[in-house]
Amino acid sequence: MTRLLNAENLRASYRTPDGREVTAVDDVSVYIDEGEVLGIAGESGCGKSTLGAILSLTARPPLFVEGGTLEIEGKAQELGGKNKIPRTWRGAVVSMLPQGAMNSISPTMRVRDLVFDVMRAHDRGIKRSEAMDRARDRIASLDLPVRVLDAYPHQLSGGMKQRVVTVISTLLNPRLLIADEPTSALDVSSQKALIDMLLQMLDQKIMAGVVFVTHDLPVLRTISNRIAVMYAGKIVEVGDAEELTEAPKHPYSAALLNSVLSPEPGFRNRRVQGIKGHPPNLEHPPAGCRFHPRCGLAMDECFTQEPPHVGDDLRFSSCFWTAKHPGESVPLTAVTTADLAASDPLLVVTQQGELVDPDVDEPTRDEEVSA
Ligand SMILES: Nc1ncnc2c1ncn2[C@@H]1O[C@H](COP(=O)(O)OP(=O)(O)OP(=O)(O)O)[C@@H](O)[C@H]1O
């Protein structure tokens, strides 16, 4: 496998107007091989988008990258401080597909104007006709209707808008595409169409790798080769997508899996339990393991000491429980029962994908009518 990106010791903080500092990515290292999709999972506020911004070199104040190294196809770049990123890296080497991109575009711009703007930002001399030819060929090669070029954003469905934005973000054939929650606002069939298109683009070598950011583990399991789970600004577990979702080694990954609502085979009929509490405020993260206040398996050392890194780059979990249980995956029931407050309902996903509480009898037709 050829290494496409190697990112080491990334650290970035937001500086608030009143001078506070929130470290949203804290000493994170990840790599991605050529042809690979790396999924980044975690709840809202865990630092996924911030990591995406660092990797795509799109961090802007109030976010400041404080340090780390990015190596893409053997070319290394120090981040933070006075280090200057080569202009050519943005868009051409790494490209960002940001959350809700198409919704922030002026409604008076047609898709073709957007295409021209993106291409011209990287090549001042490009002619409109050249840019259009390139876009037309690309759109056709991905089996999309070429007439989308003449459309205004509001004339496209949500799914088509997202596919078009993806095509535009990759017109410069970036080596790496960072896609931040690209499917979260889409219905299931549009999600599938976008995922199929991304895989087709990888196949056609339009880009060489994708970092796919989402809180949606079933989506990640479908598209990713490997998954990195983030919690409170750190990566807590990395592994092969299937292995990690079937046999998580970190209690947070297990808790995330337990909070998933999905009718997919691997997830069906699990007892669904939201994770109690919230990710911490990153201005003052908890001491020791950052997940310990919410963890059903926390031990004394988790309260005070940094968890050990157990495993290798390919498969690791940063956790005392993992260290004490080599080769074992986290028992999902242990995480759930420890997390349960007496009043929390236990829910089950039925074969039809509906969420039901098995302890509550379905109301009879008569009760429904009288209620
Ligand atoms: N402008 C900001 N100023 C201060 N703190 C911020 C700012 N933007 C984000 N943060 C903090 O940085 C942390 C990480 O945010 P980030 O958006 O990267 O998380 P995320 O996992 O991508 O969540 P989401 O899925 O909601 O985007 C959060 O704790 C958040 O409160």
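Which residues around the ligand come nearest? The model is predicted, and the tour begins at this site.

**The ligand shell**

Select Tyr14, Ala24, Ser44, Ser49 and Thr50: of the 15 residues around the ligand, these come nearest. Next, colour strand E2 (21-33) and helix H1 (48-55), the elements that each give two or more residues to the shell around the ligand. Helix H1 provides the largest share of that shell, namely three residues. Colouring the shell by residue class shows eight polar, six nonpolar and one charged residues.

**Helix H6**

Proceed to residues 188-203, which form helix H6. This helix has 16 residues and reaches 22 Å from its first C-alpha to its last, close to the 22 Å expected at 1.5 Å a residue.

Within H6, display the side chains of Gln191, Leu194, Leu198 and Met201, the buried residues of the helix. They lie on the same side of H6, because they cover an arc of only 90° around the axis. An α-helix has 3.6 residues a turn, so residues three or four places apart point the same way.

**After the helix**

Finally, select Lys205, which follows H6. The phi of Lys205 is positive, near 60°.

Note on methods:
Residues are numbered from 1 along each chain as its sequence is written. This is a predicted model: local features need pLDDT of at least 70, side-chain atom pairs count only at pLDDT 80 or more; totals for chains, interfaces and linings use all residues. A residue is near a molecule or strand if its C-beta atom, placed from the backbone, lies within 6 Å of it. Helices (H or I, at least four residues) and strands (E, at least two) are DSSP runs, numbered from the N terminus. Ala, Val, Leu, Ile, Met, Phe, Trp, Tyr, Cys and Pro count as nonpolar, Asp, Glu, Lys and Arg as charged, and the others, Gly among them, as polar. The expected span of a helix is 1.5 Å times one less than its number of residues. A residue is buried if 20 or more other C-beta atoms lie within 10 Å of its own, exposed if 12 or fewer, and partly exposed in between; C-beta atoms are placed from the backbone. The arc is that of the directions from the helix axis to the C-beta atoms.
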